[in-house]
Amino acid sequence: MTLLNNSFFKAAIFDFDGTLIDSLGVWDDIDRRSFAKRGMSVPEIFANNTATMKPRQIADYVIEHYGFTDSPEALMKEWSDMAFDAYANHLPLRKGAYDYVHYLRSQKIKMLLITTLSKSLCEPALKRTGILDCFDFLQFGEDLPEAGKNSYKTYIDIAQQIHISPEYCAVFEDSATALHSAQQANMKTYGIVDDANAEIACDSPFTNCLAVFSDFTYAPKS
């Protein structure tokens, strides 16, 4: 199978959140609704301050800094319920993603989905959008090693599990950190962006991708 840019791969490793599914703004909307429920607007610094936090840490943070009177457990359930509704019932696949995933499957490409999203959020969305059965291997957030996509070793381990050399694996991702890790593992990378005309910094891992696109119509094919 000869692909664009003289590239060839035997395995395709997809991220889900923001890559296959168009989840732009969903977490911002959850933050907005959660604060509005308590008569507040989301502070401008909130997203940056909580970007690397886990749900329990965010719950503790809003209780301490913004006076939320709920228990951490109650807050996490509130956010989880809103997220579940969005993923299970509303969020669409990115344009062209359904056809592309099915195309690769028809070409006998090994199909993997590696996501930091939890199984409880991801699996209902995969079923609803009709692509669950396309994947040979699924790894959800709770299954990832501690370093997750922040480490190239995660990608090396995946390649070893499927018995395909890293150079014959292609990674489709919207995260610069994950792209960098995959590139360190010597995998081919394709960057997914929300705006096809987005400006990319010259030192960004996106500049080292074989292609960058927002529409899977432009993804590599034979």
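**Notebook: a look through the predicted model**

I began in a loop: K108 sits between α5 (97-106) and β2 (110-114). The model I am reading is a predicted one. I looked up the backbone angle at K108 and found phi near 65°. That is a positive value, and K108 is not a glycine. Is K108 buried or exposed? K108 counts as exposed, because its relative accessible area is 73%.

I then turned to N186, another loop residue. N186 lies between α8 (176-184) and β5 (188-192). Its phi is about 70°, again positive although N186 is not a glycine.

**Overall layout**

Next I went through the secondary structure. I noted eight helices and six strands in the chain. Which pattern do they follow along the sequence? I read β-α-α-α-α-α-β-α-β-α-β-α-β-β.

I checked the dimensions. The C-alpha atoms fill a box of roughly 55 × 35 × 35 Å along the principal axes.

Of the 222 residues, 45% are buried. The exposed surface comes to about 11600 Å². Carbon and sulfur atoms supply 48% of that area.

I also looked up the contacts. I took those between residues at least 6 apart in sequence. Of these, 66% join residues at least 24 apart.

Then I turned to the charges. The chain has 20 positive and 30 negative ones. How far apart are their mean positions? They are 7 Å apart.

**Strand β1 and A11**

A11 belongs to strand β1, residues 11-14. A11 counts as buried, because its relative accessible area is 0%. Which residues does A11 touch, leaving out those up to four places away in sequence? I listed I109, K110, L112, I162, I164, Y168, C169 and A170. K110 and L112 fall within the range of β2 (110-114).

I also checked A11 against T69. The two are 58 residues apart in sequence. In space, their C-alpha atoms are 48 Å apart.

**Helix α1**

I moved on to α1, residues 26-36. Its buried residues are V26, I30, D31, S34 and F35. I recalled that an α-helix has 3.6 residues a turn, so residues three or four places apart point the same way. What do the buried residues of α1 pack against? They pack against α2 (46-50), α3 (55-66) and α4 (72-89).

**Cysteines**

Last, I looked for disulfides. A disulfide is a covalent bond between the sulfur atoms of two cysteines. I found zero of them in the structure.

I wanted to know why C134 has none. The closest cysteine sulfur to that of C134 belongs to C122, at 13 Å, so the gap is too far for a bond. C134 is buried, because its relative accessibility is 4%.

C169 is buried, because its relative accessibility is 0%. C169 had already turned up among the residues that A11 touches.

Note on methods. Residues numbered from 1 in each chain as written. Predicted model: local features only at pLDDT ≥ 70, side-chain atom pairs only at ≥ 80, totals over all residues. Heavy atoms only, no water. Helix = DSSP H or I, 4+ residues; strand = E, 2+ residues; numbered from the N terminus. Buried < 20%, exposed > 50% of the residue type's maximum accessible area, 1.4 Å probe, protein only. Contact = heavy atoms within 4.5 Å. Areas by Shrake-Rupley, 256 points an atom, 1.4 Å probe, with all protein chains shown as cover. Lys, Arg positive; Asp, Glu negative; His and termini not counted. Charge placed at Lys NZ, Arg CZ, Asp CG, Glu CD. Disulfide = S-S within 2.5 Å.
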